[in-house]
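This report describes the structure shown below. Please keep the sequence and the model in view while reading.

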Amino acid sequence: MRLLLIEDDVALGEGIHQALGREGYTVDWLQDGSNALHSLLSETFDVAVLDLGLPRMDGLEVLRRLRDSGSNLPVLILTSRDATEDRIAGLDAGADDYLVKPFDLAELKARLRALLRRSAGRAQVLIEHAGICLNPGTQQVSYQGEPVALTPKEYQLLHELLSPPGRVMTRDHLMQLLYGWNEEAESNTLEVHIHHLRKKFSTDLIRTIRGVGYLVEERR
Amino acid sequence: MTSIRRRTLTLIIGLMLTGLAILSVFNLHDSNHEIAEVYDAQLAQNARLLQGVMRMPLASHEHAELYQAFNKALSEAVPGVDGHPYEGKIAFQVWNSKGEVLVHTASAPSFTVPPTTHGFSDVVDLSSRHWRVFVLEDKENDLRIWVGERDDVRADLVDRIVRHTLWPNVLGSLMLAAMVWLAIGWGLKPLADMAATLRARHSGSLEPLQLTPLPSELEPMQAALNRMLAQIQEVLGRERRFIADAAHELRTPLAVLRVHAQNLLEAGTEQERRESLAFLIAGVDRASRLVNQLLTMARLEPKAVTPVLHSIDLSETVRASLAQLTPWLLSRNLELAFDAEDRPFKVLADAGTIDIALNNLVTNAANFSPEHGVITVQLSQDDGFYNLSVQDQGPGIDEADRARLFERFYSRGNTGGAGLGLAIVNTIATQLGGRITLVNPPEGGLRATLSIPVDRHH
């Protein structure tokens, strides 16, 4: 899951970056509004955590322009503005959720999971497909009732391909998802992860569309 | 509690009674005098009537007859239509030069020797009665005529006159007092109305008073009251805003603490744990700084309380503050330079607030300085102002940020700062009648200049 964190407070950003990174998110972090808007419009993220009091462009303005561009990206506002009218303004500007500082990291993680679930068009907590059962809360995966051990990158990849199945994921999208801007990756690492996933489940789980990307078929 | 009504009434009644007493004394004195005049004239006239009668050349037996005739006439004096009880209190007596009594009334006091004084006098007879006396001596006819009148007649009369005038006066005074009481109440009605309006207000109401009609005497009171209410409202508003701001601004540092504490709990390696701990400690320091700055701001804010300003030498104060700051700057690998002419820079200020302002400016400069940067503090004069400038070698300021820099809690993305520093300096500048300006000088960095008016009396 690729997450854009927009938070101008360095110490808070560090902490959230660290915590969500551990949770398996690929976190990209920006500290001002106008850079954030630019990235949101030009790149693909699964979810964004947005502070409101930002330098150069206010968070609400970023959100409004993002929605004006037609984006459906799930956005969680994380702010110290706690008045009811602020919450209403935030949600009306297009936020999907609103969390007030100080907050519990566990709650932030749970809300992000809920946002991702909804954006994948599911209400169920568990993702089930072709005998695979994936639990985003615990990040545990089983295949035909047996637990399967996955590395964090493999888990992310599988989660992305399964939410929901039937979409072709481009190579670039999956690479960005796994590595964001920060980590350098070898050019064939994606193929290695795909290979491992096929080995751990079934060889025909993931189809390669040559020159385009990968796909988990909807019904098999 | 003193009541204006009671106070005024007491005074007025006191004055009235005093006036009445003085009038009564004059009245008494005057009555006494006038009565004495009239009675004395009567006495003298009686004496002359007697003299007229006694001048008649009479034989000695005729004297006895005359005497008997007088006695008879006088003994018929009975109270009623033809007489008066006071008649008995008037007496006369006539002697010849040999001291023989020629005629006398029964009511006349007995004398051992005939009186020798002439004219009017006051005497006491043997039975201790007071008489007013007129003695007429007629040497030609060998007569000494004594006419007397008992004093109590006059006293009684004076007493009556006084009593008859005093009672109406006292009664009138009481009625007047009652009327004055009502009049004062009527006069004080606007005050009572004001009190009633104030009483009827909700105890927490800070709305300005609008009394109509407002007597001119109460205008300054209403104005002062409304001024005070406005001040209270402003102070309360400021307080509320400040508390809201403070609570708001504490959220982020608290979030930092919580996030890193939770990360610490979930840390997998020793290195991660140390990292989180370091963040935690930095977070606590930051929260403390914020609290300190909030307190400074709270102390500076109420503009109603102006600090006591003295004439101080700015260069001396700045040098002392910088001496305090130097070790901290050196520990952060920063250098400090202070340029000022060697002369006094007298300003009307408070050394404590100058120290706070300089501390904030230098801390800002340090936070945005590159490693081994130099912070230059300068003191110069520009017309009526002394300029205290702090220049760093940092990135300077964005024009877009400039407007927001003096806002409270705007921190230019500086994690350590609470965003109150420049707001505090701005408040201080305003208090001292000066201003703060921020410039990106051509040589780079940021120059913050605090301008304070020159103290012209020194």
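## A helix across a sheet in chain B

In this predicted model, helix H7 of chain B, residues 314-331, lies across strands S7, S9, S10 and S12 of chain B. Helix H7(B) runs at about 170° to S7(B). The strands under discussion belong to an open sheet of five strands in chain B, ordered S7-S9-S10-S12-S11, with mixed pairing. Its edge strands are S7 (335-340) and S11 (435-439) of chain B, each of which pairs on one side only. From one strand to the next, the twist averages 15°.

Strands of a sheet pair through backbone hydrogen bonds, either parallel or antiparallel. Within this sheet, strand S9 (residues 374-382) and strand S10 (residues 385-391) of chain B pair in the antiparallel sense over seven bridges. B:Asp382 stands opposite B:Phe385 in S10(B). Another helix, H10 of chain B (residues 421-431), lies across S11 and S12 of chain B and runs at about 135° to S11(B).

## A loop position in chain B

Where does B:Gly394 lie? B:Gly394 is in the loop between S10 and H9 of chain B. This glycine is partly exposed, because 18 other C-beta atoms lie within 10 Å, and a residue needs 20 or more to count as buried.

B:Gly394 is in contact with B:Phe368, B:Ser369, B:Pro370, B:Gly445 and B:Leu446, leaving aside its neighbours within four places in sequence. B:Gly394 and B:Arg447 are 53 residues apart in sequence, and their C-alpha atoms are 9.9 Å apart in space.

## A hairpin in chain B

Strand S1 (residues 90-95) and strand S2 (residues 101-104) of chain B pair in the antiparallel sense over three bridges. B:Val94 has B:Val103 as its bridge partner in S2(B). The hairpin of S1(B) and S2(B) has five residues between the strands, and B:Gly99 takes a positive phi near 90° there.

## Where the two chains touch

How many residues does each chain bring to the contact? Chain B gives 20 residues and chain A gives 19 residues. On the side of chain B that touches chain A, helices H5 (219-265), H6 (270-300) and H9 (399-402) of chain B each supply at least two residues. The largest share of that side, 11 residues, comes from H5(B). Sorted by class, the side of chain B that touches chain A has seven nonpolar, eight polar and five charged residues.

## A three-stranded sheet in chain A

Chain A has an open sheet of three strands in the order S10-S12-S11, with antiparallel pairing. S10 (168-170) and S11 (206-209) of chain A are the edge strands, each pairing on one side only. Neighbouring strands of this sheet are turned by 30° against each other on average, direction ignored.

S11(A) is joined by four bridges to strand S12 (residues 213-216) of chain A, and the two run antiparallel. A:Arg207 has A:Leu215 as its bridge partner in S12(A). Helix H6 of chain A (residues 152-162) packs on the sheet and touches S10, S11 and S12 of chain A. The direction of H6(A) makes about 70° with that of S12(A).

## Two positions in chain A

A:Arg171 has its place in helix H7 of chain A, residues 171-179. Apart from neighbours within four places in sequence, A:Arg171 is in contact with A:Leu190 and A:Gly213. The C-alpha atoms of A:Arg171 and A:Leu190 are separated by 7.9 Å, and the two residues are 19 residues apart along the chain.

A:Asp51 lies in the loop between strand S3 (47-50) and helix H3 (59-68) of chain A. An unreviewed UniProt entry carries the annotation "modified residue: 4-aspartylphosphate" for A:Asp51. A:Asp51 counts as buried because it has 26 C-beta neighbours inside 10 Å. Among its contacts beyond four places in sequence are A:Ile6, A:Glu7 and A:Asp8.

## Nonpolar cores

In soluble globular proteins, nonpolar side chains tend to be buried together. The largest nonpolar core here has 45 residues, and A:Leu3 and A:Ala48 touch the most other members. Beyond four places in sequence, the contacts of A:Leu3 include A:Leu20, A:Phe45 and A:Ala48. A second, separate core of 39 residues includes B:Leu314, B:Ile356, B:Val377 and B:Leu450.

Methods:
Residues are numbered from 1 along each chain as its sequence is written. Chains are lettered from A and ligands numbered from 1 in the order in which they are written. This is a predicted model: local features need pLDDT of at least 70, side-chain atom pairs count only at pLDDT 80 or more; totals for chains, interfaces and linings use all residues. Two strands pair if DSSP finds at least two bridges between them. Axes are lines fitted to C-alpha atoms, for helices over the stretch in contact, and angles run from 0 to 180 degrees between N-to-C directions. Two residues are in contact if their C-beta atoms, placed from the backbone, lie within 7 Å. Ala, Val, Leu, Ile, Met, Phe, Trp, Tyr, Cys and Pro count as nonpolar, Asp, Glu, Lys and Arg as charged, and the others, Gly among them, as polar. A nonpolar core is a set of buried Ala, Val, Leu, Ile, Met, Phe, Trp, Tyr and Cys residues joined through C-beta atoms within 7 Å. A residue is buried if 20 or more other C-beta atoms lie within 10 Å of its own, exposed if 12 or fewer, and partly exposed in between; C-beta atoms are placed from the backbone. UniProt positions are given in the numbering used here, feature names are shortened, and annotations may be inferred rather than shown by experiment.
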